[in-house]
Amino acid sequence: MLSALILLPLLGAALIGFWPAEITGKRSRDIALVFAGVMFVWTIILAIQFHPQEIGQQFAESLPWIDALGLNYNLGIDGLSLPLLLLQGLLTCIAIYSTDQSLQRPRFYYCLILLLSAGVTGAFLAQDLLLFFLFYELELIPLYLLIAIWGGEKRGYAATKFLIYTAVSGVLILASFLGMVWLSGSANFGLETLHTQSLPLATQLLLLGGILVGFGIKIPLVPFHTWLPDAHVEASTPISVLLAGVLLKLGTYGLLRFGMNLLPTAWSYLAPWLATWAVVSVLYGASCAIAQKDMKKMVAYSSIGHMGFILLAAASATPLSVLGAVMQMVSHGLISALLFLLVGVIYKKAGSRNLDVVRGLMNPERGMPVIATLMVLGVMASAGIPGMVGFISEFIIFRGSFPVFPVQTLLCMIGTGLTAVYFLILVNSAFFGRLSAQVINLPRLYWSDRIPSIILAVLIVIFGILPTWLSRWTEPTTTAMVNTQDVVATVSLTRN
């Protein structure tokens, strides 16, 4: 059942790429959307059959693959990966639907998006360290090409920078994975066979260092963040949706699954430093966002700040904070996707993202009142206004982290206030006042431009009002992870 989630996008990519007859751009888009939609529906079916109270991996698949390397094809799904799989399926459909049908080389474009989807899905499902790494690297080349071919004027620079940073990330992660297996004496790379919890503290710290820097680049955390604003600015809108909504979550997922879960003693030892690192990322990201004039770059820097909340929650490692971390992954995925979609619509119709150029778009007659309303809702959700999913996820993080790191939590809460500041600047500059001369004759806005944003806005409100619809899948798994970590860390620190 889980292999189908990987095979469906691969089959779609093969069909679009190798079909002998000529396929138009619209037909390529329709085929890609069908395969992505079937994949998303299949994920929903798995979610319906999923039993939240079962802590272990469900729908598990295991096949021997390369015995000489200790590599097995092990897949599974639990409360940590299921919400991210649903998010990935939804945003892939939205990205394909939102793609401009006039783009060049559409067959290659949609093949790459489906390959990207297969790689991300496989990474979330993999229960083998080496298998995870293979899927983690699989998404690198499609995303590089999607930025380098269909990006903006400086797409070559942004794509190359992304490639270099992510390649370094992969090397560090692979080195840590190999160290975990060899130093623990495991026969293979399966997560269930690893005994890393019994390693000495010094060894765990060395391995965790590679994990932290490797996934810290992917998240990204300061000072490894510089590739992200460039990639977002040069990438097309659908690719920015996938990059912020899904791909950054591979980093936070990796920290929880392979850092906190496999190296609990070192994680507990470094937790105060990780919480401080989170504060630096939150405040730096928010401060940089305030200084931006490009709306897309402002949203990109906001992602750096909001990813810091997840690191704070993981460092605190309480049942409530880790639950909040997973909810923040989903929350940020929905909100950032909404904001990038709206900025993309504004850029497409107004021809600019500069706050000094774009003004008065709230005008009911000649502006974009629906887009403006959705943008206000999106920035309210990002700033943590009650009734939105952003509020409930950040509240759970702060409530779970405050007993462990009160000072760092309070400083991160300042970051939430700064979020309101820079998004208030964006809304006030772009949507209120008189229409600027440069955008006074806007092209007609169709409902097809609004539908993806409306879907995301509805989900943001629903999960904000009914957060248990989201937390019910995750809470038993995250609670079990934290309880196991506490026991192992306490015993190991006592021995050391």
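The legends below describe close-up views of a predicted model. Residues are numbered from 1 along each chain as its sequence is written, and side-chain values use heavy atoms, with hydrogens and water left out. Because the model is predicted, local features need pLDDT of at least 70 and side-chain atom pairs count only at pLDDT 80 or more, whereas totals for chains, interfaces and linings use all residues.

**View 1. Packing of helix α6 against helix α10.** Helix α6 (residues 140-150) packs on helix α10 (residues 237-260) at an angle of about 150°, and their axes are 11 Å apart; helices are DSSP runs of H or I with at least four residues, numbered from the N terminus, and axes are lines fitted to C-alpha atoms over the stretch in contact, with angles from 0 to 180 degrees between N-to-C directions. The two helices are therefore roughly antiparallel, a term for angles over 145 degrees. Contact (heavy atoms within 4.5 Å) is made by L143, L146 and I147 of α6 with I239, L243 and L247 of α10.

View 2. S169 lies in helix α7 (residues 155-184) and is buried, with a relative accessible area of 0%, where buried means under 20% with a 1.4 Å probe and protein chains only. Leaving aside residues up to four places away in sequence, S169 touches Y136, G214, F215 and I217.

View 3. For C93, the nearest cysteine sulfur, that of C111, is 17 Å away, and C93 is buried at 14% relative accessible area. The sulfur of C288 is 16 Å from the closest cysteine sulfur, in C412, which is too far for a bond, and C288 is buried at 15%.

Technical notes:
Angles under 35 degrees count as roughly parallel, over 145 as roughly antiparallel, 65 to 115 as roughly perpendicular and the rest as oblique. Buried means under 20% relative accessible area, exposed over 50%, partly exposed in between (1.4 Å probe, protein chains only). A disulfide is a pair of cysteine sulfur atoms within 2.5 Å.
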